[in-house]
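Please open the structure in a viewer and keep the selection panel at hand.

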Amino acid sequence: MICISDSLGRWIEISGATLWSVVGVVLAVFVAFYLFRAIGLFVMAKRQKMNVAYLAWIPFAWIYLAGKLCKAKGVFGFKVKNFALILTLVY
């Protein structure tokens, strides 16, 4: 049993199974969002015929790929030089 305090200062007992179930669900949701983002970026980069589409699967490198995709279309109608690098550094 694990005891945690709620917002009113009361102690609540949580079993180990409940805690691991919550951790498992949170982890599954995190992995699902990661996969959806990676697949989406990968497909968009392939359709644009970019040779760096594999960056969609690398954590934090996907930001550079998203910047390259935005540069191809422009930002609010303006073309920004080195937008992918700027986006990566700002992130």
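**First stop: an aromatic pair**

Select Y91, which is exposed because its relative accessible area is 59%; buried means under 20% relative accessible area, exposed over 50%, and partly exposed in between, with a 1.4 Å probe and protein chains only. The model is predicted, so local features need pLDDT of at least 70 and side-chain atom pairs count only at pLDDT 80 or more, while totals for chains, interfaces and linings use all residues. Residues are numbered from 1 along each chain as its sequence is written, and side-chain values use heavy atoms, leaving out hydrogens and water.

A pair of aromatic rings is described by the distance of the centres and the angle of the planes. Rings of Phe, Tyr and Trp (its six-membered ring) pair if their centres lie within 6.5 Å; planes under 30 degrees apart count as stacked, over 60 as edge-to-face and the rest as tilted. The count by this rule is 2 aromatic pairs.

Next, select F42 and W57, a tilted aromatic pair with 6.2 Å centre to centre and 55° between the planes. F42 lies in helix α1 and W57 in the loop between α1 and α2, so this pair ties together parts that are 15 residues apart in sequence. Helices (H or I, at least four residues) are DSSP runs, numbered from the N terminus. F42 is partly exposed, at 27% relative accessible area, and W57 is partly exposed as well, at 35%.

W62 is in helix α2 and Y91 in the segment after α3 (83-90), so the pair links distant parts of the chain, 29 residues apart.

**Second stop: the nonpolar core**

Select L41, A45, M50, V52, A53, L55, A56, A61, L65, A66 and L69, the 11 residues of the largest nonpolar core. Such a core is a set of buried Ala, Val, Leu, Ile, Met, Phe, Trp, Tyr and Cys residues joined through side-chain atoms within 4.5 Å. Helices α1 and α2 each supply at least two of its residues, and α2 gives the most, with 3.

Which residues are in contact with A56, leaving aside its neighbours within four places in sequence? They are R37, A38, L41, F42, W62 and L65, where contact means heavy atoms within 4.5 Å.

**Last stop: L35**

Finally, select L35, which lies in helix α1 and counts as partly exposed at 37% relative accessibility. Its C-alpha atom is separated by 30 Å from that of K79, 44 residues apart along the chain.
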